[in-house]
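Reader: I have a structure open and would like to go through it piece by piece. Can we start with how the strands are paired?
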Amino acid sequence: MPIEDTSEFIKVLEGAGELRRVKTQVDADLEIAEILRRVMYANGPAVLFENVKNYDMPVLGNAFGSMKRLQIGLETSDFTEIGQRIVDMTKMEIPSGFLNKIKKLPELSKMGDVFPRLEKSGPVTEVFEDSPSFGKIPILKTWHRDAGKFITLGLVATKHPETGIRNLGVYRMQIIDDKTALMHWQKHKRGAHHHDISRDRGEKIEVAIIIGAEPATVFSAVAPVPEGLDKYLFAGITRQKGIKTVKCRTVDLEVPANAEIVFEGYVDPSDIREEGPFGDHTGYYTPTEPYPTFRLTGILRRQKPIYLTTIVGKPVLEDAYIGKVIERSFLPLIRMFQPEVVDFAMPAAGWFQGMAIISIKKRYPGQAKKVMMGLWGLGQLALTKMFVVVDDDINVHNIDDVIWAITTRADPARDTTIINNTPTDTLDPASPLVNLGSKLGIDATQKTKEEGFTREIQQKVEVDEPTKNLVNSRWPSYGL
Ligand SMILES: Cc1cc2nc3c(=O)[nH]c(=O)nc-3n(C[C@H](O)[C@H](O)[C@H](O)COP(=O)(O)O)c2cc1C
């Protein structure tokens with residue numbers, strides 16, 4: 001059975017030796033963040049801080065900070081299955097004849113199981129606060145030069161103002177006072193798009209921020225799913241069981257019934273303020289930039305909620321593992337559009353949007369460039385600064401193998417592509433302008449005659465089979 005909520009996740013992690021409890025009193029102001037950073041850099045466990053100074057609420061961090069914990073949370077050891085399920089759904093035929101219908105019924109009913117289900121109440125509706133305040137929540141300050149406290153793992157729920165499709169995105173929020181925060185949804189993200197449509201209609205957009213939920217729902221908020229796919233449905237596809245939702249009290253939005261806390265409110269497009277600085281996942285402080293204001297109108301919560309959080313900084317920290325699962329789970333979807341792609345890696349040190357390495361099975365001249373151009377047009381991959389394309393004999397997860405391919409199969413003048421004035425990740429500290437910069441593509445595939453490579457293609461040095469077999473059979477005798 002999939003994990004239903006944060007408490008159950010804690011129990012399962014603890015049973016697997018993947019969680020520690022800290023009973024010593026700790027401060028939400030800088031201290032918890034530094035503890036978590038040290039634990040994360042040492043590949044340590046999830047940590048539940050049970051005694052937080054001035055707050056009556058435990059804080060959970062690093063819950064997703066290892067592949068093992070993500071396997072436990074998402075209940076799979078093969079994350080590509082998640083993307084494959086979406087690909088399979090797009091291939092499902094609509095049954096026409098009766099016989100066909102019978103054959104497809106089990107598949108169709110399985111699909112029905114993953115849809116979200118609206119309930120009248122749930123654990124998160126235990127308490128409703130109509131005089132809400134951020135002040136009672138142990139929101140962390142994570143770096144000493146940060147502008148203040150930031151919610152870093154809130155799942156920001158909005159509805160597309162025209163289609164009604166529900167979205168969740170993890171966008172950090174800077175707390176200004178008890179009822180006001182700044183919403184850091186970057187321009188290319190869906191929350192910002194929903195906001196822009198509402199703003200153009202002269203409306204404020206209703207928003208709910210969810211703290212803690214089924215692990216699959218948290219993952220769903222970070223996942224760059226294809227446009228038009230409801231993130232609550234994606235959470236159900238991921239955990240193979242639909243999530244339960246409840247209605248908010250002060251805004252017309254549904255939220256996961258098993259959440260810990262929900263902040264209800266709206267984002268006011270007419271109240272724009274400077275957000276930041278914030279110690280970011282690039283390893284630098286992102287300077288101030290203008291973002292709109294969130295106004296808190298109500299809080300739904302459990303009687304005894306847990307505050308789920310994370311901290312970011314120079315890689316590799318917790319978000320790198322979540323990114324790795326996104327990389328694995330979206331491979332089948334990438335292949336749907338670029339079938340020659342064999343494997344795909346976004347090294348954590350490159351904070352994901354910085355660099356991606358793609359291996360392809362090349363069949364025709366110029367194919368590496370075709371793949372780059374295709375991926376630069378695909379969802380959030382449009383923000384990737386550098387693509388390196390290699391042949392399928394190269395292991396994209398082995399940086400030595402990749403460097404070997406670049407240095408032996410690419411000629412800088414022939415195989416480097418630079419495209420100027422393209423959308424870049426908002427956080428890129430090097431782009432000439434915020435949100436606008438250039439792309440670098442390196443075609444590190446072996447060049448062919450059709451690509452104008454007239455020199456003899458050199459053979460790879462590899463051991464011949466007879467020698468390999470001889471040494472294999474005699475190995476024990478060498479005493480090595
Ligand atoms: C810990 C963490 C913090 C994040 N903070 C932000 C943020 O402040 N702003 C933002 O636009 N994206 C942020 N992201 C990335 C988005 O959550 C991610 O791009 C997601 O796919 C956005 O969803 P969307 O495509 O539905 O907009 C963060 C991701 C993680 C894991």
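Author: Two strands count as paired if DSSP finds at least two bridges between them. Keep in mind that this is a predicted model.

Reader: Fine. In what sense do strand 20 and strand 21 pair, and over how many bridges?
Author: Strand 20, residues 355-360, and strand 21, residues 386-391, run parallel and share 6 bridges. Within that pair, Ile360 has Asp391 of strand 21 as its bridge partner.

Reader: What is the strand order in the open sheet of 5 strands?
Author: The order is 19-20-21-23-22, and the pairing is mixed. From one strand to the next, the twist averages 20°.

Reader: Which strands stand at the edges there?
Author: Strand 19 (341-345) and strand 22 (416-423) do. Each has a single partner strand, so one side of each has no neighbour in the sheet.

Reader: And the sheet of 4 strands, what order does that one have?
Author: That open sheet goes 1-2-3-18, with mixed pairing. Its edges are strand 1 (19-22) and strand 18 (307-308); each has a single partner strand, so one side of each is left without a neighbour in the sheet.

Reader: How do strand 2 and strand 3 pair, parallel or antiparallel?
Author: Antiparallel, over 3 bridges, with strand 2 covering residues 46-49 and strand 3 residues 59-61. Phe49 has Val59 in strand 3 as its bridge partner.

Reader: Which helix lies across strand 2 and strand 3?
Author: Helix 2, residues 31-41, which runs at about 160° to strand 2.

Reader: Changing topic. How many residues of strand 11 are buried?
Author: 7 of its 7 residues, which are 205-211. In a regular strand, side chains alternate between the two faces of the sheet. In strand 11 both faces are covered: Ile205, Val207, Ile209 and Ile211 are buried on one side, and Glu206, Ala208 and Ile210 on the other.

Reader: Which strands does strand 11 pair with?
Author: Strand 7 (residues 155-159) pairs with strand 11 in the antiparallel sense over 3 bridges. Strand 14 (residues 261-275) is also antiparallel to strand 11, over 7 bridges.

Reader: Which residues stand opposite each other in those pairs?
Author: Ala157 has Ala208 of strand 11 as its bridge partner. On the strand 14 side, Ile210 stands opposite Val262.

Reader: Now the ligand. Which residues come nearest?
Author: Of the 21 residues around the ligand, the nearest are Gly169, Val170, Gln186, Lys189 and Arg190. The elements giving two or more residues to that shell are strand 8 (166-170), helix 6 (190-200) and helix 9 (318-329).

Reader: Which element gives the most?
Author: Strand 8, with 3 residues.

Reader: What is the make-up of the shell by class?
Author: The shell has 9 nonpolar, 8 polar and 4 charged residues.

Reader: Last one, Lys369. Where does that residue lie?
Author: Lys369 is in helix 11, residues 367-375.

Reader: Why is Lys369 called partly exposed?
Author: Because 16 other C-beta atoms lie within 10 Å.

Reader: What is Lys369 in contact with, apart from its neighbours within four places in sequence?
Author: Thr417, Gly441 and Asp443. Lys369 and Asp443 are 74 residues apart along the chain, and their C-alpha atoms are separated by 7.0 Å.

Terms used: Residues are numbered from 1 along each chain as its sequence is written. This is a predicted model: local features need pLDDT of at least 70, side-chain atom pairs count only at pLDDT 80 or more; totals for chains, interfaces and linings use all residues. A residue is near a molecule or strand if its C-beta atom, placed from the backbone, lies within 6 Å of it. Ala, Val, Leu, Ile, Met, Phe, Trp, Tyr, Cys and Pro count as nonpolar, Asp, Glu, Lys and Arg as charged, and the others, Gly among them, as polar. Axes are lines fitted to C-alpha atoms, for helices over the stretch in contact, and angles run from 0 to 180 degrees between N-to-C directions. Two residues are in contact if their C-beta atoms, placed from the backbone, lie within 7 Å. A residue is buried if 20 or more other C-beta atoms lie within 10 Å of its own, exposed if 12 or fewer, and partly exposed in between; C-beta atoms are placed from the backbone.
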